[in-house]
Amino acid sequence: MHFSSLGGAACASTHDAVAAKLIAAEGRTWARAFRDAQRSVGIRPDPNLTASEIRRWFALFAPHEHQALLAAKRHAALHVMRSVPELNCRLIGVVLSGAAVETSPAELVAIGTGEKEAFLALLNAGFLPEPLDAPYPTAFARRVGEKCLDSLLLDVRGEPVLVRIVPEHTPLPALTRPDEFQAEWEAAGALPSDALAQVLSDTP
């Protein structure tokens, strides 16, 4: 079966499917895949529809491997969240939504704390946080803007975890309607540690 013959989630188009295949099957970054898809098809892909097409691709071609990959990244995120409860982190992004690939970091948001406080909390919990001079490009970072967030990168059991430090009133990603390849909680937008622990314990 060719990827282009899969059909699509509601309103997904050829350019979304092309970008999704480049990300899921060929390992390209989102930015490069979007540029290449736009160059090939002439229309810039939609991030939400592309994410849905990524979930579709993995559901059809590598369901078990992808679920194992997501579980490893989610458990790494939960380990950080439980290790530094004072940061009150939320899991967001493609690891939560189920559109992550092997190189995707789990993305956590810590609201209302400073970079120095977050750095020391993570250091005291046994992590080696690496401050990033430029924010790792994700939908959340683009929406908030690099001047409004600080980013710390962790290696957790071989999995990359990004901790975003943002001002207190920064809005988190919103709840969305799940597509046919998502559980409801994967479309929550942001998930606290207790809810993440619950769904991971319920996942076979």
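The structure holds 10 salt bridges. The model is a predicted one, and the views below show selected regions of this model.

**View 1. Salt bridge between Arg-28 and Glu-26**. The closest N and O atoms of Arg-28 and Glu-26 are 2.9 Å apart. Arg-28 counts as partly exposed, with a relative accessibility of 23%. Glu-26 is likewise partly exposed, and its relative accessible area is 44%.

**View 2. Salt bridge between Asp-36 and Arg-32 in helix α2**. Helix α2 comprises residues 30-41, and within this helix Asp-36 and Arg-32 are four residues apart, about one turn. An α-helix has 3.6 residues a turn, so residues three or four places apart point the same way. The closest N and O atoms of the Asp-36 and Arg-32 pair are separated by 3.6 Å. Asp-36 is buried at a relative accessible area of 16%, whereas Arg-32 counts as partly exposed at 44% relative accessibility.

**View 3. Salt bridge between Arg-56 and Glu-53 in helix α3**. The two side chains meet at an N to O distance of 3.3 Å. Side chains of opposite charge can pair when their charged atoms come close. Arg-56 and Glu-53 lie three residues apart, about one turn of helix α3. Both Arg-56 and Glu-53 are buried. Elsewhere, salt bridges with shared partners join Glu-26, Arg-28, Arg-32, Asp-36 and Arg-39 into one network.

**View 4. Helix α3, its N-terminal cap and its packing**. Helix α3 runs over residues 47-61. At 1.5 Å a residue, its 15 residues should span 21 Å, and this agrees with the 21 Å between its end C-alpha atoms. The N-terminal end of α3 is capped by Asp-46, which has a side-chain oxygen 2.9 Å from the backbone nitrogen of Asn-48. The buried residues of α3 include Leu-49, Ile-54, Trp-57 and Phe-58, and also Thr-50, Ser-52 and Arg-55. The buried residues of this helix pack against α1 (14-24), α2, α4 (63-83) and α5 (93-97).

**View 5. Nonpolar surface patch formed by three leucines**. Leu-120, Leu-123 and Leu-128 make a nonpolar surface patch of about 300 Å². Leu-120 is placed in helix α6, which covers residues 115-124. Leu-120 is partly exposed, with a relative accessible area of 39%. Patch residues must have over 30% relative accessible area, and Leu-120 is therefore above this cut-off at 39%.

Definitions and conventions: Residues are numbered from 1 along each chain as its sequence is written. This is a predicted model: local features need pLDDT of at least 70, side-chain atom pairs count only at pLDDT 80 or more; totals for chains, interfaces and linings use all residues. Side-chain values use heavy atoms; hydrogens and water are left out. A salt bridge is a side-chain nitrogen of Lys or Arg within 4 Å of a carboxyl oxygen of Asp or Glu. Buried means under 20% relative accessible area, exposed over 50%, partly exposed in between (1.4 Å probe, protein chains only). Helices (H or I, at least four residues) and strands (E, at least two) are DSSP runs, numbered from the N terminus. Patches are made of residues with over 30% relative accessible area and no salt bridge: like charges are joined within 9 Å, nonpolar side chains (Val, Leu, Ile, Met, Phe, Trp, Tyr) within 5 Å. Accessible areas come from the Shrake-Rupley method with a 1.4 Å probe; for residues, only the protein chains shown count as cover. The expected span of a helix is 1.5 Å times one less than its number of residues. Contact means heavy atoms within 4.5 Å. A polar contact is a pair of N or O atoms within 3.5 Å; within protein, one must be able to donate a hydrogen and the other to accept it, and residues adjacent in sequence count only if both atoms are side-chain atoms.
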